[in-house]
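Subject: Structure handover

Hello,

Here is the structure I promised to pass on. Please open it next to this email and follow along.

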Amino acid sequence: MGNKRVLCFASYFIPGFRAGGPIRSLLRIIDGLSGDFEFRVVTRDRDAAASEPYPGLLHDRWSDAAGIGVWYLRPPHWAPAVLCRVIADYQPDLLYFQSFLDPCLVAMPLLLRRLGVVPRNVPTLVAPRGEFAPSALALKGFRKSAWLGLVKSLGFYRDVAWQASSELEADQIRAHWGRDARVLIAPNLPPRFAATALPLRRHKVAGALRLIFLSRISPMKNLDGALRMLGMVRTPMSLDIYGTQESAEYWGECERVMQGLPPHITVTYHGAVPPDEVICVMSSYDVFFLPTLGENFGHVILEALLAGCPVLISDRTPWRQLCEKRAGYELSLDGPRAFVEALERFAGMSDVQFQEWSDGAARLAREYCQDESLRHEVRAVLHAAMRKTGGSG
């Protein structure tokens with residue numbers, strides 16, 4: 001028998017990159033387990049917030065994207081006849097959804113499955129990628145609460161399995177789907193390459209600090225909070241911002257905070273960065289600054305560490321004990337003064353002092369990337385999801 005077939009439904013996929021971590025999460029699973037499973041992906045024909053499709057696409061057929069079979073859906077992205085055709089054409093052993101909230105690429109296939117149009121006996125795994133975290137549900141909370149109530153009442157998620165990346169996320173899923181919900185825990189996979197050839201780090205100047213914020217520019221990433229913290233520091237610092245603006249209203253709020261910053265703080269916006277350039281860009285800065293409201297994993301945090309760039313982040317991510325490892329700090333958003341003190345501490349370091357932290361960051365990233373047990377755990381979860389599904393919904 002050949003490898004088991006996994007049909008993935010993703011809101012966005014390569015060559016897109018503006019949606020951030022979920023694209024990288026799926027891409028690294030496919031890259032890490034392509035010898036064990038055969039993967040194909042169904043996704044939109046354009047990037048997040050884009051009005052035009054990717055150039056040169058062939059619709060209504062399987063396409064090749066970096067060696068991966070991908071079916072790019074034209075608008076409205078949810079046509080039942082097309083979704084049925086794709087599933088029937090591939091005959092998967094597992095339906096693998098990369099979101100809970102997407103009405104086109106999650107709800108519609110699950111509705112077809114519920115109605116029996118798509119075979120109900122195909123095992124189904126849903127990876128919400130942090131969507132059930134309280135901080136995530138609070139954003140546009142009324143809309144999400146209404147959607148959750150609707151899909152529960154319609155039984156869309158009956159007898160599916162859920163994938164969590166940690167015990168914390170597993171508890172968050174069960175809080176909404178019951179203690180009997182079947183939740184399988186699998187870690188996020190790192191880039192497959194060993195982190196041995198790191199970019200050259202720039203020289204650190206004592207009495208100054210060059211910061212980078214690189215992420216989607218949305219309330220969840222808390223750029224406005226980072227800017228307000230910078231407004232409290234006394235040492236000269238610069239912040240370079242990279243990322244896609246998801247909301248003109250939110251970006252306007254950030255600009256208003258920028259306008260009130262003292263003259264010894266400079267802020268520059270550079271736009272989005274392609275994924276394959278992130279580590280190189282990170283290596284040009286002293287510290288990665290992301291006081292996020294919550295991260296299911298934080299691929300960009302790992303990429304900063306790979307670049308030898310210590311991180312200053314909130315304690316709402318899986319990254320822990322950073323100070324002990326001389327890789328950065330994870331701090332509570334309830335105490336912004338602690339962030340200010342950490343910024344001042346980094347700024348005061350000489351290049352020799354800072355090298356210990358840069359080395360600690362790179363060492364932590366290298367250890368994570370070289371942990372072979374991560375791949376085994378994800379493989380085991382996919383096999384377990386194929387054997388049996390069950391639970392409430």
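Two residues are in contact when they have heavy atoms within 4.5 Å of each other. Helices (H or I, at least four residues) and strands (E, at least two) are DSSP runs, numbered from the N terminus. This is a predicted model, in which local features need pLDDT of at least 70 and side-chain atom pairs count only at pLDDT 80 or more, while totals for chains, interfaces and linings use all residues. Residues are numbered from 1 along each chain as its sequence is written, and side-chain values use heavy atoms, with hydrogens and water left out.

**Helix H10 and its partners**

Start with helix H10, residues 299–306. Two packed helices are described by the angle between their axes and the distance between the axes. Axes are lines fitted to C-alpha atoms, for helices over the stretch in contact, and angles run from 0 to 180 degrees between N-to-C directions.

H10 packs on H12 at about 120°, and the axes are 7 Å apart. The two helices are therefore oblique to each other. (Under 35 degrees counts as roughly parallel, over 145 as roughly antiparallel, 65 to 115 as roughly perpendicular and the rest as oblique.) From H10 come Leu-302, Leu-305 and Leu-306; they meet Ala-361, Ala-362, Leu-364, Ala-365, Tyr-368 and Cys-369 in H12. This contact holds 9 nonpolar residues, no polar and no charged. (Ala, Val, Leu, Ile, Met, Phe, Trp, Tyr, Cys and Pro count as nonpolar, Asp, Glu, Lys and Arg as charged, and the others, Gly among them, as polar.)

H10 also packs against helix H1, residues 21–33, at about 75° with the axes 9 Å apart. That makes H1 roughly perpendicular to H10. Gly-21, Arg-24, Ser-25 and Arg-28 on the H1 side meet His-299, Val-300, Leu-302 and Glu-303 in H10.

Is Ser-358 buried or exposed? Ser-358 is buried, at 5% relative accessible area. (Buried means under 20%, exposed over 50%, partly exposed in between, with a 1.4 Å probe and protein chains only.) Beyond its neighbours within four places in sequence, Ser-358 touches Arg-201, Gly-308 and Pro-310.

**The sheet**

In which order do the 6 strands of the open sheet run? The order is S11-S10-S9-S12-S13-S14, with parallel pairing. Strands S11 (265–269) and S14 are at the edges with a single partner each, so one side of each has no neighbour in the sheet. Neighbouring strands are turned by 20° against each other on average, direction ignored. (Two strands pair if DSSP finds at least two bridges between them.)

S9 (residues 209–214) and S10 (residues 237–242) run parallel and share 6 bridges. Leu-214 stands opposite Tyr-242 in S10. S13 (residues 311–314) and S14 are parallel too, with 4 bridges. There, Ser-314 faces Leu-331 in S14.

In a regular strand the side chains alternate between the two faces of the sheet. Look at S14, residues 328–331: Gly-328 and Glu-330 point one way, Tyr-329 and Leu-331 the other, and all are buried. Helix H11 (residues 336–348) lies across S9, S10, S12, S13 and S14, at about 170° to S14.

**The cores**

A nonpolar core is a set of buried Ala, Val, Leu, Ile, Met, Phe, Trp, Tyr and Cys residues joined through side-chain atoms within 4.5 Å. The largest has 99 residues, and Leu-214, Leu-223, Phe-288 and Trp-319 have the most contacts inside it. Apart from that core lies another, of 37 residues, including Val-86 and Trp-162.

Most residues other than glycine have a negative phi, and most peptide bonds are trans. Here are some exceptions.

- Ile-14 to Pro-15 is a cis peptide bond, with omega near 10°. Pro-15 is in the loop between S1 and H1.
- Pro-75 and Pro-76 are also joined by a cis bond, with omega about 10°. Pro-76 is in the loop between S4 and H2.
- Gln-91 is not a glycine, yet its phi is positive, about 50°. Gln-91 is exposed, at 60% relative accessible area.
- Gln-321 has a positive phi of about 55°. Gln-321 lies between S13 and S14 and is partly exposed, at 47%.

Best wishes
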